[in-house]
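Here are my notes on the model you sent over.

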Amino acid sequence: GPASADAPHSTVSGTPSNVDADGLSTSAITVLLRDANNNVLTDKDINLAKTSGTGTPTITEVNCPDPEPAGSGVSITNTNGKACFTIKSITAGTVTLTATDATDATTLTQTLDITFDALPPADDTNTTFDASPTSALADGSTTVTLTATLNDSSNQPLVSKTVTVAKTSGTGTPTITEVNCQVEDDGVITPGTTTFNGQACF
């Protein structure tokens, strides 16, 4: 029958090994499958999973980037024996990834550690909080848009930071609601969490 994967001859690699824990930045993972004679194996179904570490990273099956040929399906090894994935997380810390050749029920010996780096704190000087408009009718239905823009000390936007807004003085009990900012976003952002440009809206 066809050759089976050999765990010691197969590898799992990731670039970069350190990424920001912003829920957007990704590491590219490549699983290379070989048999006991070091020949690459095609058309094997690969699973990649977190086996230890912090948080719940998002692991996505992807086609290997050019010039790699596509496999017969995503997560199926191509003619070079490779299957590719991306990983991202919003939790700082290190995770250990383990690859399994599901076709042959073989778990690879080599594991891979990816470290998600904590984001720096917001810098008061570079952080803004704006209202538009600055006055509105007190009719219970007219709204004011509040935008918090968080940047670090290098004036770089901070992504996936949780922002809360509260009334600290004044009359009445205003209703403050987390909403999605009206910006083009390349990631799924939870309301009340800063987007790729460091903004959270209310």
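1. T100 first: it sits in strand β7, residues 93-101. Strands here are DSSP E runs of at least two residues, helices are H or I runs of at least four, and both are numbered from the N terminus. With a relative accessible area of 22%, T100 is partly exposed; buried means under 20%, exposed over 50%, and partly exposed in between, using a 1.4 Å probe and protein chains only.

2. Some ground rules before going on. This is a predicted model, where local features need pLDDT of at least 70 and side-chain atom pairs count only at pLDDT 80 or more, while totals for chains, interfaces and linings use all residues. Residues are numbered from 1 along each chain as its sequence is written, and side-chain values use heavy atoms, with hydrogens and water left out.

3. On to the sheets. Strands of a sheet pair through backbone hydrogen bonds, either parallel or antiparallel. Two strands are taken as paired if DSSP finds at least two bridges between them.

4. The structure holds 1 disulfide, where a disulfide is a pair of cysteine sulfur atoms within 2.5 Å. The pair is C64 and C84, with the sulfur atoms 2.1 Å apart. C64 lies in the loop between β5 (58-62) and β6 (82-88) while C84 is in strand β6, so the bond ties together parts that are 20 residues apart in sequence. The S-S torsion is about 100 degrees, so the disulfide is right-handed. Are these cysteines buried or exposed? Both C64 and C84 are buried.

5. A second open sheet has 3 strands in the order β10-β11-β12, again with antiparallel pairing. β10 and β12 (199-201) stand at the edges with a single partner strand each, so one side of each is left without a neighbour in the sheet. Neighbouring strands here are turned by 20 degrees against each other on average, direction ignored. β10 and β11 pair over 5 bridges, and D130 stands opposite T147 in β11.

6. The largest pocket has a volume of about 790 Å³. Of its 28 lining residues, the closest to the centre are T142, T143, V144, P174 and T175. β10 (128-132) and β11 (145-149) are the elements that give two or more residues to the lining. For the method: on a 1 Å grid over the protein atoms alone, a pocket is an open set of points with protein on both sides within 12 Å along at least five of seven lines, a cavity is a set where a 1.4 Å probe fits but cannot get out, and lining residues have an atom within 4 Å of a point. Grid points are joined across faces, edges and corners, and the volume is the space filled by probe spheres set on the points.

7. Finally, some backbone geometry to look at. Most residues other than glycine have a negative phi, and most peptide bonds are trans. The D66 to P67 bond is cis, with omega near 5 degrees, and P67 lies in the loop between β5 and β6. S132 and P133 are also joined by a cis peptide bond, with omega about -10 degrees; P133 is in the loop between β10 and β11. D43, not a glycine, has a positive phi of about 65 degrees and is partly exposed at 46% relative accessibility. A105, also not a glycine, has a positive phi of about 55 degrees and is exposed at 69%.

Technical notes:
Axes are lines fitted to C-alpha atoms, for helices over the stretch in contact, and angles run from 0 to 180 degrees between N-to-C directions.
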